[in-house]
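Biologist: I am new to this structure. Could we go through it together?
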Amino acid sequence: MWRRSFSSSSRRALTEKKWDALIIGGGHNGLTSAAYLGRGGLSVAVLERRHMIGGAAVTEELIPGFRFSRCSYVQSLLRPSVIRELDLARHGLKLLKPLASSFTPCLDGRYLLLGINDEQDYLEISKFSKCDADSYPRYENQLHKFCKFMDFVLDSRPPETFRGDSSFSNRIRDKWQKAAFWGSCLRHALSLGQKDVVEFVDLLLSPTSKVLNKWFKSDVLKATLAGDATIGSMISIHSSGSGYVLLHHVMGGTDGERNIWSHVEGGMGSVSRAISNAAKEAGVHIVTDAEVSQLLIEDSGTVNGVLLADGKQVHSSVVLSNATPYKTFMDLVPDGILPDEFLCAIKNSDYSSGSTKINVAVDKLPHFHCCKLSHPEVGPQHTGTILIGSESLDEIDSACQDAWNGIPSRRPVIEMTIPSSVDKTISPPGKHVVSLFTQYTPYKPKDGSWEDPKYREIYVKRCFNLIDEYAPGFSSSVISYDMLTPPDLEREIGLTGGNIFHGAMSLDSLFLLRPVKGWSDYRTPVKGLYMCGSGSHPGGGVMAAPGRNAASVVLQDFNKPSP
């Protein structure tokens, strides 16, 4: 866990000068923007509400001796350009690859273990379907083709309608940038060919179930792959457009290998710490326990800084918000500033969440009765993503339907990871840290309240009992746990509605429509206010692309080259 105290000297430093840029929120995107702006020659201060930096990418010692990645829990989406340009390895980022990518235990005694190597994948899938084993490499190859196209989109600013200075040079630059973007899109589309472009569009628009049913027959394989399409959402795998979320979660990789979700030594807070180290090296001032209560806006409608919760004013030329769009525009911008149409779009955006995170300290590794691998302690099945209650698409859909009906899933879909299986720095010897990302849990359940300790305990026991069906004795191994329901994620981490992406990743909330139509280029209706968080293109996950892209827009508006 990494903290920075809000000392009197840092308080004085904040108010003694007018900064070029202030960043609201010290999450990984805010820190990324700060690092790039600092490297671009701007004076920058980051204001973090909590006692520690990182936002949802944090490591916290919630139970003595056990250090948890409290919210986000594995790494794959962090953009290679950010890792390279900020030299994050030199600043302490160390990625730990799992021995296998996923493990799906079955109650009938079988299991599916993927990601050791291509040959082993073929043998594993053949246990369920020889036809699927033949299809799987083609399926992966197609997704990898689409990911190459998406790489370009993720690292690009959306070609938004120009609203800035109407000088001739700026209009020409804007037209050139748009032409360059759409020209690159065309080249990437031509490289795919018409057949693959049609398949790509079909994937984006289709339900996940349709995509997977087209490729595979085995329930277990389809359910394993569908897990990528359900993370952090309240949509069904039968919902049109859910195929995009499936693609979003296979876009990343580790050390050049696609779709490898790695652990981070020291927990996900180490990602934020490495980025903050790069920012500090660039001269950025980072302050914790510095909650922003309101933006300061001049009579001309231009941002002039922020008002802190303690009454202090901090002045700047521009402000970048790493808070959610709802928090930024509904809470931080004073009344009467924003157009009604814009406010209506922000207010009616989808911030729903079905995710509850449970962090568990255990006194021994879970042992799955279906898996008789010759590993007395840590085996490959412990190091990757373990999918509990995901043996068929029907099971996943049933869990979602429960939440749509207003109750937590009776048989939750659980994504279990055990980072201490590869990282010895986060738990005492012989004991382990277990992360449970569970779905689906409505924000306001009809049959109780998340404020009721007994109601919370009922859900936790439901999850533990489900794990016991696959790994007998898990419940008895639990030392203690921490739980974050959607309201907890909103209150503790600042995620509106508990949505881990700062807003739904549906097709009507992506690219030129994120956060709302007409304002996808990180600028806002308030002059000098920019968005740099996951509520902006290209969306959620620990990828740092919104922070990097937003910084390039700010530097352009300052007439400074991107570093």
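Predicted model: local features only at pLDDT ≥ 70, side-chain atom pairs only at ≥ 80, totals over all residues.

Biologist: Which aromatic cluster do W215 and F216 belong to?

Modeller: W215 and F216 form one aromatic cluster together with Y136 and Y139.

Biologist: How many aromatic pairs are found in the whole structure?

Modeller: A search of the whole structure gives 20 aromatic pairs. In the case of W215 and F216, the ring centres are 6.4 Å apart and the planes meet at 35°, so this pair is classed as tilted.

Biologist: Staying with rings, which ring does the charged end of K17 sit over?

Modeller: The charged end of K17 sits over the ring of W19, at 4.4 Å from the ring centre. Likewise, K127 lies over the face of Y111, and the distance to that ring centre is 3.8 Å.

Biologist: A change of topic: where is R456 found?

Modeller: R456 is in helix α16, which covers residues 453–470.

Biologist: Is R456 buried or exposed?

Modeller: R456 is buried, because its relative accessible area is 19% and the cut-off for buried is under 20%.

Biologist: What does the side chain of R456 make a polar contact with?

Modeller: The partner is the side chain of D488, at 2.9 Å. When neighbours within four places in sequence are left aside, R456 is in contact with W450, M483, T485 and D488.

Biologist: Now the backbone. What kind of peptide bond runs from R514 to P515?

Modeller: The bond from R514 to P515 is cis, with omega near 5°. P515 lies in the loop between α18 (486–493) and β20 (529–531).

Biologist: And which kind of peptide bond joins H537 and P538?

Modeller: H537 and P538 are joined by a cis peptide bond, with omega about 5°. P538 is placed in the loop between β20 and α19, the latter being residues 545–557.

Biologist: What is the phi of H502?

Modeller: H502 has a positive phi of about 65°, although H502 is not a glycine. Its place is in the loop between α18 and β20.

Biologist: Is H502 buried or exposed?

Modeller: H502 is buried, because its relative accessible area is 11%.

Biologist: What about Y522: what is its phi?

Modeller: Phi of Y522 is near 80°, which is positive in a residue other than glycine. Y522 is also located in the loop between α18 and β20, and it counts as buried because its relative accessibility is 1%.

Key. Residues numbered from 1 in each chain as written. Heavy atoms only, no water. Helix = DSSP H or I, 4+ residues; strand = E, 2+ residues; numbered from the N terminus. Buried < 20%, exposed > 50% of the residue type's maximum accessible area, 1.4 Å probe, protein only. Polar contact = N/O pair within 3.5 Å; in protein donor to acceptor, adjacent residues only side chain to side chain. Contact = heavy atoms within 4.5 Å. Phe/Tyr/Trp six-rings, centres within 6.5 Å; stacked < 30°, edge-to-face > 60°. Lys NZ or Arg CZ within 6 Å of the ring centre and 35° of its normal.
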